[in-house]
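Dear colleague,

Please find below the sequence and structure that I am handing over to you. My account of what was found follows directly after them.

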Amino acid sequence: MTDRAHPTSTTDQGLALARLWAGPVGVRRGPVPKISLDRIVDAAVGIARSEGLPRVTVSSVADEVGCAKMALYRHISNRGDLLAAMIDRALGPAPRLDGTEQENVIVLWDSLLEVYERDPWLLALPAETNALTPHNLEWIDAALGVLEGCGVPRHERLEMVLLITENARFAARRHHSSRGTTSDLDALMASAAEASPRLPAERFPHLAAQVESGSGTSPRHHDWRALARDHVVRSLAAYDTGRA
């Protein structure tokens with residue numbers, strides 16, 4: 001799932017997105033086209049994974065496919081339309097959710113995190129990107145089904161879907177920041193530990209106690225992804241408990 005812009009009309013669809021909603025095209029007679037939407041999207045996703053989303057342009061994708069820039073416009077309307085098709089490709093079908101309520105929440109969250117860790121460029125999509133794609137709505141529909149099983153009131157379910165999505169996006173950002181020499185949390189806690197002798201407990205009582213206890217000063221030793229996910233699981237369990 002992605003929380004990008006939510007268009008209110010199908011008139012916002014470009015060529016690529018309209019083709020995705022139309023479904024697979026049947027077999028046609030004649031020569032096989034040298035360029036297809038699948039090939040264009042594959043090239044674009046490949047560039048995004050290896051070089052980052054800013055490097056995905058109509059020109060760079062045309063170079064990767066090996067065609068003239070104008071040839072792409074037979075399949076996509078513009079870069080935004082291409083990004084929408086890329087979202088659909090990156091998400092793929094929603095995961096199968098046939099376990100218990102808690103198991104389904106965990107599978108949904110883990111699957112979403114896997115998507116963001118495989119395709120971190122999804123975290124950098126422009127706010128105006130049209131996210132009304134078949135696979136994105138399939139994920140949202142699956143999430144709504146999970147929330148129904150957990151007893152979340154209908155009027156709160158879309159907000160809860162957003163909460164789950166943002167929770168997984170946070171974990172994905174944390175994962176990618178930890179690939180460097182140090183992550184933001186590592187740097188914060190290391191600085192706090194170093195400064196602990198100078199932290200006046202009367203002004204920062206809770207931070208001083210946290211640093212003094214040693215808990216939180218070595219965040220790499222914790223499974224923070226499971227911690228982030230379990231916060232969501234416990235939140236949803238509260239609904240179920242209230243329903244019982």
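In what follows, a residue is called buried when its relative accessible area is under 20%, exposed when it is over 50%, and partly exposed in between, with a 1.4 Å probe and protein chains only. By that criterion, 41% of the 244 residues of the protein chain are buried. Please note that this is a predicted model, in which local features need pLDDT of at least 70 and side-chain atom pairs count only at pLDDT 80 or more, whereas totals for chains, interfaces and linings use all residues. Residues are numbered from 1 along each chain as its sequence is written, and side-chain values use heavy atoms, with hydrogens and water left out.

The protein chain contains 11 helices and 0 strands; helices (H or I, at least four residues) and strands (E, at least two) are DSSP runs numbered from the N terminus. Taking contact to mean heavy atoms within 4.5 Å, 77% of the contacts between residues at least 6 apart in sequence join residues at least 24 apart.

Helix 2 (residues 37–51) packs against helix 5 (residues 79–91) at an angle of about 85°, and their axes lie 9 Å apart. Axes here are lines fitted to C-alpha atoms, for helices over the stretch in contact, and angles run from 0 to 180 degrees between N-to-C directions. Helix 2 is therefore roughly perpendicular to helix 5, a term that covers angles of 65 to 115 degrees. On the helix 2 side, the residues involved include Ile-40, Val-41 and Ala-44, and they meet Leu-82, Ala-85, Met-86 and Arg-89 in helix 5.

The largest nonpolar core has 59 residues, of which Val-56, Val-61, Leu-82, Met-86, Trp-121 and Leu-236 touch the most other members. Such a core is a set of buried Ala, Val, Leu, Ile, Met, Phe, Trp, Tyr and Cys residues joined through side-chain atoms within 4.5 Å. Helix 2 provides the largest share of this core, 8 residues. Apart from neighbours within four places in sequence, Val-61 is in contact with Ile-40, Ala-43, Ala-44, Ile-47, Val-56, Leu-72 and Leu-82.

Finally, Ala-22 is found in helix 1 (residues 15–22). Ala-22 counts as exposed because its relative accessibility is 63%. The C-alpha atoms of Ala-22 and Pro-134 are separated by 9.8 Å, although these residues are 112 residues apart along the chain.

With kind regards

Conventions
Angles under 35 degrees count as roughly parallel, over 145 as roughly antiparallel, 65 to 115 as roughly perpendicular and the rest as oblique.
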